[in-house]
Amino acid sequence: ALLASKEHDEIETGIQSLGLIGTPAAAPPIIERVRAGLPPDLLETSVITLMALGQPQAAPLYFELLGHRRPEVRLRAIEAIVVQKPSGAEAALQKTLADLDPKVRSAGALALGELRATGSVELLFQSLDRGTFEAAQAIGQALRSEQLPRLLGYLGKVPFHQLAPAFTEIFLRKDISERDKLSVVSRLQDVGTREIKEYFAELTRTSGEKLPPPVNRAALRGIQEIAD
């Protein structure tokens, strides 16, 4: 009844009350009200409430909101999809890589990385080519070992600080072999810039215990051997 009201505060109370109930039956009325139209602040409240409810039945609404005219709403929909990880999420998020808003493109790329969307790596490389640098981190999270040479090919073409998150993800992944990680360290050392030296120092300082010991030692050697 509150959701059917025309009064802002009553609608907000209805959304919040359903969120507090927390049962699966609380989601459909909110979904229906969102589709009927809401002002921006209540739409955001609705999506946040649906995320808290965590009901799979909200996924189609999130996919619909990826096409909303307001980029803030599209960003919130991406956030909800990452939290819920519904079936069809990867295909839906791929479309955000072509969004008109750069923040949405960046968020979509990062979301695909969070989902370890291996089927989206080619699209992520294309996004990186178009200047969506957040795609680099997502590539590091999702690529397969045989795609490492392609990422390394961006060294010298893309500012290293934009690529660094990708390499950190690779070094910390359990499914990337120690040999492949050592080859990445070697390639970075060959480039040998001061920026890479500083990157190795930061990597070993903050993540050394999480790295395979040979990789950590190789990075430490890189610090010593790269000239100032």
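**Close-up views of a predicted model**

**View 1. The largest nonpolar core.** Of its 73 residues, Leu50, Leu151, Leu163, Phe167, Phe171, Leu188 and Tyr199 touch the most other members. Helix 11 (residues 160-172) gives the largest share of this core, seven residues. A nonpolar core is a set of buried Ala, Val, Leu, Ile, Met, Phe, Trp, Tyr and Cys residues joined through side-chain atoms within 4.5 Å; buried means under 20% relative accessible area (1.4 Å probe, protein chains only). This is a predicted model: local features need pLDDT of at least 70, side-chain atom pairs count only at pLDDT 80 or more, and totals for chains, interfaces and linings use all residues. Residues are numbered from 1 along each chain as its sequence is written, and side-chain values use heavy atoms, leaving out hydrogens and water.

**View 2. Leu188 and its contacts.** Leu188 touches Leu155, Phe160, Phe167, Phe171, Ile196, Tyr199 and Phe200 (heavy atoms within 4.5 Å). Residues up to four places away in sequence are not counted.

**View 3. Helix 2 with helix 3.** Helix 2 (residues 27-36) packs on helix 3 (residues 40-53) at about 155°, with axes 10 Å apart. The two are therefore roughly antiparallel (angles over 145 degrees). Ala27, Ile30, Ile31 and Val34 of helix 2 meet Leu43, Ser46, Thr49, Leu50 and Leu53 of helix 3. By class, these are seven nonpolar, two polar and no charged residues.

**View 4. Helix 12 with helix 14.** Helix 12 (residues 178-191) and helix 14 (residues 213-225) pack at about 5°, their axes 9 Å apart. They are therefore roughly parallel (angles under 35 degrees). The contact includes Leu182 and Val185 of helix 12, and Ala218 and Gly222 of helix 14. It has six nonpolar, two polar and three charged residues.

Definitions and conventions
Axes are lines fitted to C-alpha atoms, for helices over the stretch in contact, and angles run from 0 to 180 degrees between N-to-C directions. Helices (H or I, at least four residues) and strands (E, at least two) are DSSP runs, numbered from the N terminus. Angles under 35 degrees count as roughly parallel, over 145 as roughly antiparallel, 65 to 115 as roughly perpendicular and the rest as oblique. Ala, Val, Leu, Ile, Met, Phe, Trp, Tyr, Cys and Pro count as nonpolar, Asp, Glu, Lys and Arg as charged, and the others, Gly among them, as polar. Buried means under 20% relative accessible area, exposed over 50%, partly exposed in between (1.4 Å probe, protein chains only).
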